[in-house]
Amino acid sequence: MRETRSPMRSQWLKREESCSEIVKKKAYQAGDVLVIRYEGPKGGPGMREMLGVTALIYGQGMGEKVALLTDGRFSGATRGMMVGYVSPEAAAGGLLGLVKNGDVIRIDASRGKLELGVSASELKKRKASAPKRSLSGVLQKYEALVGPANLGAVTHSGATSTRKSRAR
């Protein structure tokens, strides 16, 4: 099991671009977890690939020394401790949206488990004070219709039955 601290300093890493700036400035260290959120199906909208930031991390020789956690996606070229497709995503009220600077994040890759070392009462407070997203038009409709990444991020009602039929 790997236990690390989030490197988010004075800002939340909301998007890939923000995380890329942190990495370019080398404002992180070995053992940190870089958190990119609001890149999942609802938050993106869509699911952009996080290859740019992973390439920067590896280019600095830190690929095996840090973890990257996101509700976005990775390609087959990604390597190292990169955890993507986190569901439920931040924009859907997932735990990833409640992470703050200095929180302990435990990653147990062998069990496929993530743990945020924050008490239930603190999480309840964070959730109550979390800013609400306000979208309109097509983006509002898309956000209401799109499913989670673990069910294919589709916008039709057959997502659950389609997934079950493929598993047979």
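Here is a short tour of the charged residues and nonpolar cores in this structure. The model is a predicted one.

**A buried glutamate**
- You will find E89 in the loop between β4 (81-83) and β5 (104-108).
- The E89 side chain does reach the backbone nitrogen of G43, at 2.9 Å.
- Beyond its neighbours within four places in sequence, E89 contacts G40, P41, K42, G43, D71 and G94.

**Salt bridges around R126**
- R126 pairs with D103 at 2.6 Å (N to O).
- Because D103 sits in the loop between β4 and β5 and R126 in helix α3 (residues 120-129), this pair ties together parts 23 residues apart in sequence.
- Both D103 and R126 are buried.
- R126 also meets E122 in a salt bridge at 3.0 Å (N to O); the two are four residues apart in helix α3, so about one helical turn separates them.
- E122 is partly exposed, at 26% relative accessible area.

**A salt-bridge network**
- Shared partners join R15, E17, E39 and R48 into one network of salt bridges.
- Within it, R48 and E17 meet at 2.9 Å (N to O).

**Nonpolar cores**
- The largest core has 18 residues, of which V33, L69, I105 and I107 touch the most other members.
- Strands β2 (33-36), β3 (67-70), β4 and β5 each supply at least two residues of this core.
- A second, separate core of 15 residues includes I22, Y28, I57 and Y58.

Conventions: Residues are numbered from 1 along each chain as its sequence is written. This is a predicted model: local features need pLDDT of at least 70, side-chain atom pairs count only at pLDDT 80 or more; totals for chains, interfaces and linings use all residues. Side-chain values use heavy atoms; hydrogens and water are left out. A polar contact is a pair of N or O atoms within 3.5 Å; within protein, one must be able to donate a hydrogen and the other to accept it, and residues adjacent in sequence count only if both atoms are side-chain atoms. Contact means heavy atoms within 4.5 Å. A nonpolar core is a set of buried Ala, Val, Leu, Ile, Met, Phe, Trp, Tyr and Cys residues joined through side-chain atoms within 4.5 Å. Buried means under 20% relative accessible area, exposed over 50%, partly exposed in between (1.4 Å probe, protein chains only). A salt bridge is a side-chain nitrogen of Lys or Arg within 4 Å of a carboxyl oxygen of Asp or Glu.
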